[in-house]
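Visitor: I would like to know how the labels attached to a structure follow from its numbers. Please take me through some of them.

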Amino acid sequence: MSMPTTAGEIPDLARENAVFRKVVRRIVPFLILCYVFSYLDRVNVGFAKLQMSDDLGLSEAAYGLGAGLFFIGYFLFEVPSNLMLQRIGARTWIARIMITWGLVSAAFTFVTNETTFYVLRFLLGAAEAGFYPGVILYCTYWFPSHRRARVIAMFMSAIPVAGIFGNPLSGWIMDRFQGVNGWQGWQWMFLLEAIPALAIGVATLFYLDNGVRSAKWLTDEEKDIVERAIADDAAHQTVHGRVWDAFRDPKVWLMCLIYFCFVMGQYALTFWMPTFVESTGIEGNLAIGVLSAVPFLAALVAMNLFGRSADKHRERRWHLVVPSLMGAVGFSLAAGWSGSTVLSLIALSFAAAGVLTCAPLFWSLPTAFLGGAAAAAGLAAINSVGNLAGFVSPYMIGALKDATGSTSLPMYVLALSLVIGAGAVLTTKKQVVNR
């Protein structure tokens, strides 16, 4: 007869799993909450466009340029911001980022012309620079690579969650507050949606820990388990040293190309989804907001299913290729079905499920070989260069839409970008990234 297992005799893997579940419960929901409002403040300009373009006299190209200028500020300040996070500590620096972007986002209430629109979009990018790669870097402090895809997928669920709740919320605010105190609905939207970022930024100072050793909610034994798993994982990283080591590695620049291709599709959806839905004949900001949330629901399911599967099978490449090709098919179908709301939503749901799934799974690739100071610089460089697509994509769509009067050609360009990204993923060595 077997004796009952005591707590001290729990198998090592079971004990490790229990500790990491505890870490997930403590850290990930809070980071998701941060990213929901980060992403909402970044892309709610897509909803503001429905009113703001007429009020300010913005052309489609001017809107696209303003939306994209965010990423120029993001690009310029990304690497310095991530290096500051590593030096100052995640808690203080993430709080600084959130409070700053909340203040700049609220300032959009007072936009009066193209110039102020452009300046504030640039400043918002500069303020938010470092948040996303900073969180990815922060996750490497707590999770080894074979647990990271699922965690990052959970964190990036904030993108579809922001779309699911943020789009209807933005539409409701714009309709409900239109004309209140003489302000337009889009002005109220910018002001009200900036408040949570400020509040959560202050809360970050009291909630987050800079690293495993400073976590009072873990026992010494639990800290040892986490640190041992991180140390074992770091032994497999091939670029682990000085800041400039990252920039000399060809794999880092391949990661930049892959991420650029995926981000092209990501920001096409988030900046232009309300316009895509409106172009099918839907009227009313709330109705547009509700229907715009549908593709993000599909993405929320897909990105978590793919993330779980990637960690379970410890396979990264094909778990990226398949959703990127899904996104390409979705954009291609959307180009041909633009005359039907139902068919367009089906196509956009397929595109969103594919494109938004690529982002969290992608970060399993560079974090598999980057470590130390090279990780801080390398992850920030990949994110900043890749996010230049956030400038190219909305401006390209606006310019082509002005030139052709249709969104079909931009859709095909986005599909091609995703196919190129899928091909680039297959050039990576599976023995490097499949961990």
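Guide: What follows is a series of labels, each set against its rule, for a model that is predicted.

Visitor: What makes the contact of Glu222 and Lys22 a salt bridge?

Guide: A salt bridge needs a side-chain nitrogen of Lys or Arg within 4 Å of a carboxyl oxygen of Asp or Glu. For Glu222 and Lys22 the N to O distance is 3.0 Å, so the pair meets the rule. The two ends belong to distant parts of the chain: Glu222 is in helix α10 (residues 220-234) and Lys22 in helix α1 (residues 12-43), 200 residues apart.

Visitor: Are Glu222 and Lys22 buried or exposed, or something in between?

Guide: Buried means under 20% relative accessible area, and exposed means over 50%. Glu222 has 7%, so Glu222 is buried. Lys22 has 25%, which places Lys22 in the partly exposed class. Both residues also belong to a network of salt bridges that links Arg15, Lys22, Glu221 and Glu222.

Visitor: How do you know that Lys401 and Glu60 form a salt bridge?

Guide: Their side chains meet at 3.8 Å, N to O, and the cut-off is 4 Å, so the pair counts.

Visitor: Which parts does the salt bridge of Asp224 and Arg213 tie together?

Guide: The closest N and O atoms of Asp224 and Arg213 are 2.8 Å apart. Asp224 lies in helix α10 and Arg213 in the loop between α9 and α10, so the bridge ties together parts that are 11 residues apart in sequence. Asp224 is partly exposed at 37%, and Arg213 is partly exposed at 43%.

Visitor: How many salt bridges does a search of the whole structure find?

Guide: The search finds 8 salt bridges.

Visitor: Why is the pair of Tyr138 and Tyr141 called edge-to-face?

Guide: Two rings pair if their centres lie within 6.5 Å, and planes over 60 degrees apart count as edge-to-face. The centres here are 6.1 Å apart and the planes stand at 75°, so the label is edge-to-face. Both residues are in helix α6 (residues 131-142), and because they are 3 residues apart they are separated by about one helical turn. Tyr138 is buried, at 1% relative accessibility, whereas Tyr141 is partly exposed, at 26%. The count by the ring rule comes to 20 aromatic pairs.

Visitor: Which residues form an aromatic cluster?

Guide: One cluster is formed by Phe110, Trp172, Phe177, Trp183 and Trp188.

Visitor: What makes Arg96 a charge over the ring of Trp93?

Guide: For Arg, the rule asks for CZ within 6 Å of the ring centre and within 35 degrees of the ring normal. Arg96 lies over the face of Trp93, at 4.3 Å from the ring centre. Arg176 is placed over the face of Phe177 at 5.5 Å from the ring centre. Each distance falls within the 6 Å limit.

Visitor: How do you know whether Ser157 is buried or exposed?

Guide: Ser157 has a relative accessible area of 6%, so Ser157 falls under the 20% limit and is buried. Its place is the loop between α7 (145-156) and α8 (158-176). Leaving aside neighbours within four places in sequence, Ser157 is in contact with Leu300, Met303 and Asn304.

Visitor: What makes Asn181 exposed?

Guide: The relative accessibility of Asn181 is 68%, which is over 50%, so Asn181 counts as exposed. Asn181 lies in the loop between α8 and α9 (185-207). Its phi is positive, about 55°, although Asn181 is not a glycine.

Visitor: Why is Ala126 called buried?

Guide: Ala126 has 19% relative accessible area, and buried means under 20%, so the label applies. Ala126 is in helix α5 (residues 114-128). Not counting residues up to four places away in sequence, Ala126 touches Gly73, Tyr74 and Phe77.

Technical notes. Residues numbered from 1 in each chain as written. Predicted model: local features only at pLDDT ≥ 70, side-chain atom pairs only at ≥ 80, totals over all residues. Heavy atoms only, no water. Phe/Tyr/Trp six-rings, centres within 6.5 Å; stacked < 30°, edge-to-face > 60°. Helix = DSSP H or I, 4+ residues; strand = E, 2+ residues; numbered from the N terminus. Buried < 20%, exposed > 50% of the residue type's maximum accessible area, 1.4 Å probe, protein only. Contact = heavy atoms within 4.5 Å.
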